[in-house]
Structure formats: C-alpha cells, structure tokens
Amino acid sequence: LYLFFAVSIYLYVPYKIEIVHFLQFSLLSISLIFWKATDKNQLTHNQAIKLSLICALVSIAIGSLEEYLQLYVPDRFFDWRDIYLNAISSLLGATL
C-alpha cells in the first residue's frame, strides 16, 4: 500500500525535486509517533490510532506553516499542491 502511494505521488508531482516532501513529511510523522509512543509502555489499538492521527495532523500543520512562510521568502512561492503533498505524505507516514 505504501509503495502504491509512493509511486502515485511520484507520477503526480510535476517537479521531481518535490519528492523530498514525501520523504520529509512521512518521516516527520513516523518520528513524532515514535517520540510519543516511547512515553507509554502499552498502547491499546484505539490509543495507537489516535496517536497516529494526532501526529499526522501536527505534521500537516508544520507543512502548512512552512508553505505559508514561503510567501515572505524571496524566490520562494506558496503552492497548494505542496500542502496537498505534505498532507498525503504525513498521513502515509502515520499509517506505517
């Protein structure tokens, strides 16, 4: 499933350098989950799902903020496709 989405994103992205978004935000979600999961000894299934969703939302918020801040950086631009790519990547990272 992860490989399917990775290939789909690769085909969707017009500029292949933006594949970095996929790695960056999926790894951010995974890192947030591991960071918070080490606080707990045993997570129930519902707690694990809730933790994954919260970490994905935090990762999406960070990606959206990063994109917004590009409005104020010379030679950078805001793009909704980047937010979409960040969100998909964050959700995929959280589902691993």
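Contact here means that heavy atoms lie within 4.5 Å. The model is a predicted one, in which local features need pLDDT of at least 70, side-chain atom pairs count only at pLDDT 80 or more, and totals for chains, interfaces and linings use all residues. Residues are numbered from 1 along each chain as its sequence is written, and side-chain values use heavy atoms, with hydrogens and water left out.

**Exercise 1.** Determine where glutamine 70 lies, and whether it is buried or exposed.

Solution. Glutamine 70 is found in the loop between H3 and H4, helices being DSSP runs of H or I with at least four residues, numbered from the N terminus. Its relative accessibility is 8%, so glutamine 70 counts as buried (under 20% relative accessible area, with exposed over 50% and partly exposed in between, for a 1.4 Å probe and protein chains only). Once neighbours within four places in sequence are left aside, glutamine 70 is in contact with Arg76 and Phe77.

**Exercise 2.** Work out how H3 and H4 are oriented towards each other.

Solution. Helix H3 (residues 45–69) packs with helix H4 (residues 80–95) at an angle of about 155°, and their axes are 9 Å apart (lines fitted to C-alpha atoms over the stretch in contact, with angles from 0 to 180 degrees between N-to-C directions). H3 is therefore roughly antiparallel to H4, a term for angles over 145 degrees.

How values were computed:
Helix = DSSP H or I, 4+ residues; strand = E, 2+ residues; numbered from the N terminus. Parallel < 35°, antiparallel > 145°, perpendicular 65-115°, else oblique.
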